[in-house]
Amino acid sequence: MDHQTNIINFVPEELPSYRPDVDVLYSKELPNNGVHTTIIGMPKSAAVQIETEGSTLSTSKKTSNRHLDSVMYFLHAAKLAFIAKKKGFHLIQVRDMVWVGLICLVVAKIIKLPYTYWVSFLYAESRTMRAKDKSENIPSWKRPIILSRGLLEEFILYRLILPHSDRVYVQSDFMLKYMQQKGLNKDDMMVVPMGVDFDKIDDFATTEAKKIEKWGDAPVIGYLGSLDRLRKLEVIISAFKQAKQVVPDLKLLFVGDSEVEKDREYLQHTADEMGLSDDFHITGWVQIQEAWSYLKGVDMVIGFMNRGLLLDVSTPTKAMEYMALKKPMICNDSPDQQFVIEQSGCGRVTDGTSESYAEAMIELAQQPMAQSELDAGFNYIKHHRSYAAIGKHVASDIHHVVKQKIKKGW
């Protein structure tokens with residue numbers, strides 16, 4: 001094998017994907033570090049085959065039925081795994097797909113190729129939790145089916161796939177600890193958090209600020225992201241109302257929307273009921289450049305992540321993006337958000353209650369963050385959470401895994 005390592009990477013997304021770990025990490029940063037990736041995903045409207053200098057995007061065939069699409073993908077993945085070695089691949093990787101992961105693991109052992117599995121979300125646990133949650137809008141006949149599938153996938157993942165993988169990539173230190181509790185060896189895992197693409201961050205410097213004209217130069221608190229009801233953003237609106245009692249000219253801007261119209265209406269109704277109609281605004285869906293223009297025009301930004309197992313093991317990108325953009329931010333104590341803020345010395349951490357958010361809003365309105373604090377956050381993300389830095393780390397590990405297998409005679 002020469003310096004370049006070729007991997008075939010099975011992902012659950014429809015391709016082409018704008019998910020940053022596919023679009024940036026796999027397709028740009030890994031190739032920059034000697035790892036050529038062939039990414040196999042699901043088709044959107046038709047099968048695709050896109051060749052770039054360092055990566056290839058490819059999908060299975062598109063059918064008229066989404067369930068049949070999944071079957072076609074499974075069969076396509078099994079076929080490609082069997083011929084992976086003949087096609088010059090040095091490693092098979094699967095992310096977040098238990099059944100595809102299982103067949104690819106078996107094939108990898110048969111043809112003697114290294115195999116790695118990437119866990120970015122606890123999908124099996126999510127199914128079991130949803131099946132048991134009475135507040136979920138799921139028909140009663142469907143709950144045992146979802147529960148059974150979740151429990152079976154948990155068994156396959158933690159008993160078969162992960163213990164026999166040459167490396168398990170996990171989303172965060174907190175996910176790694178969770179996996180250890182499941183019986184996995186710490187030395188067989190590696191943390192690969194979500195990151196920030198600094199090529200896009202550089203564009204922010206030339207972005208012109210966009211403001212709500214009627215608000216003039218009043219201080220504005222901004223939130224960028226989905227407005228889904230499950231995010232419980234009414235907590236932020238309540239905090240804003242409390243903060244206005246001390247800083248009356250504060251404004252609150254939500255840049256985003258929800259796929260469910262009632263979710264957005266609920267937030268607007270909440271603000272109206274609190275007498276905040278003139279001080280609260282929702283932009284709706286906007287293009288990313290316009291979203292960043294709004295973000296540049298606010299005085300502080302909010303990061304809010306519901307607590308619980310499924311999200312506690314994630315690495316929310318909002319805090320990292322805000323730091324990279326040098327925006328004063330307030331986040332709740334979601335583990336990775338708190339870790340990044342504590343390590344960098346930039347930002348404010350709350351306990352997630354409206355009272356604690358209100359206190360932080362008042363503090364930053366009355367005492368804006370120093371430039372030195374903003375610079376510290378930027379530098380931390382640049383060195384520890386940029387996709388350029390993450391790409392070097394992951395590529396080095398992939399090279400190592402392949403070399404170790406070669407030494408063992410594979």
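Is Leu 68 buried, partly exposed or exposed, and at what relative accessibility? In this predicted model, Leu 68 has 40% relative accessibility, so the residue counts as partly exposed. The cut-offs behind that label are under 20% for buried and over 50% for exposed. Leu 68 sits in helix H2, residues 66–82. Together with Val 71 and Leu 75, Leu 68 makes up a nonpolar surface patch. The accessible area of these three residues together is about 250 Å².

Next comes helix H5. This helix covers residues 143–161, 19 residues in all. At 1.5 Å a residue, H5 should span 27 Å, and its end C-alpha atoms are 25 Å apart, which agrees. Several residues of H5 are buried, among them the charged residues Arg 143, Glu 153 and Glu 154. The buried set also includes Ile 146, Ile 156, Leu 157 and Ile 161. What covers them? The cover includes helices H3 (98–111), H4 (123–132) and H6 (173–181), along with strand E6 (115–119).

Now the salt bridges. The structure holds 22 of them. One joins the side chains of Lys 28 and Asp 199, at 2.7 Å from N to O. This pair links distant parts of the chain, 171 residues apart: Lys 28 is in helix H1 (residues 20–32) and Asp 199 in helix H7 (residues 198–204). Lys 28 has 23% relative accessibility, so it counts as partly exposed. Asp 199, at 47%, counts as partly exposed too.

Another salt bridge pairs Asp 279 with Lys 244, with 3.4 Å between the closest N and O atoms. Here the partners are 35 residues apart. Asp 279 lies in the loop between helix H9 (261–273) and strand E11 (280–282), while Lys 244 belongs to helix H8 (residues 234–244). Are these two residues buried or exposed? Both Asp 279 and Lys 244 are buried.

Lys 326 and Asp 375 form a further salt bridge, their closest N and O atoms being 3.0 Å apart. Lys 326 is in the loop between helix H12 (317–324) and strand E13 (329–332), and Asp 375 is in helix H15 (residues 371–384), so the pair ties together parts 49 residues apart in sequence. Lys 326 is partly exposed at 33% relative accessibility, and Asp 375 is partly exposed at 26%. Elsewhere, salt bridges with shared partners join Glu 13, Arg 19, Asp 21, Arg 95 and Asp 96 into one network.

Last, the annotation. An unreviewed UniProt entry gives "domain: Glycosyl transferase family" for residues 208–368. In the model, that span is 42% helix and 15% strand, and its end C-alpha atoms lie 21 Å apart.

Note on methods:
Residues are numbered from 1 along each chain as its sequence is written. This is a predicted model: local features need pLDDT of at least 70, side-chain atom pairs count only at pLDDT 80 or more; totals for chains, interfaces and linings use all residues. Side-chain values use heavy atoms; hydrogens and water are left out. UniProt positions are given in the numbering used here, feature names are shortened, and annotations may be inferred rather than shown by experiment. Helices (H or I, at least four residues) and strands (E, at least two) are DSSP runs, numbered from the N terminus. Patches are made of residues with over 30% relative accessible area and no salt bridge: like charges are joined within 9 Å, nonpolar side chains (Val, Leu, Ile, Met, Phe, Trp, Tyr) within 5 Å. Accessible areas come from the Shrake-Rupley method with a 1.4 Å probe; for residues, only the protein chains shown count as cover. A salt bridge is a side-chain nitrogen of Lys or Arg within 4 Å of a carboxyl oxygen of Asp or Glu. Buried means under 20% relative accessible area, exposed over 50%, partly exposed in between (1.4 Å probe, protein chains only). The expected span of a helix is 1.5 Å times one less than its number of residues. Contact means heavy atoms within 4.5 Å.
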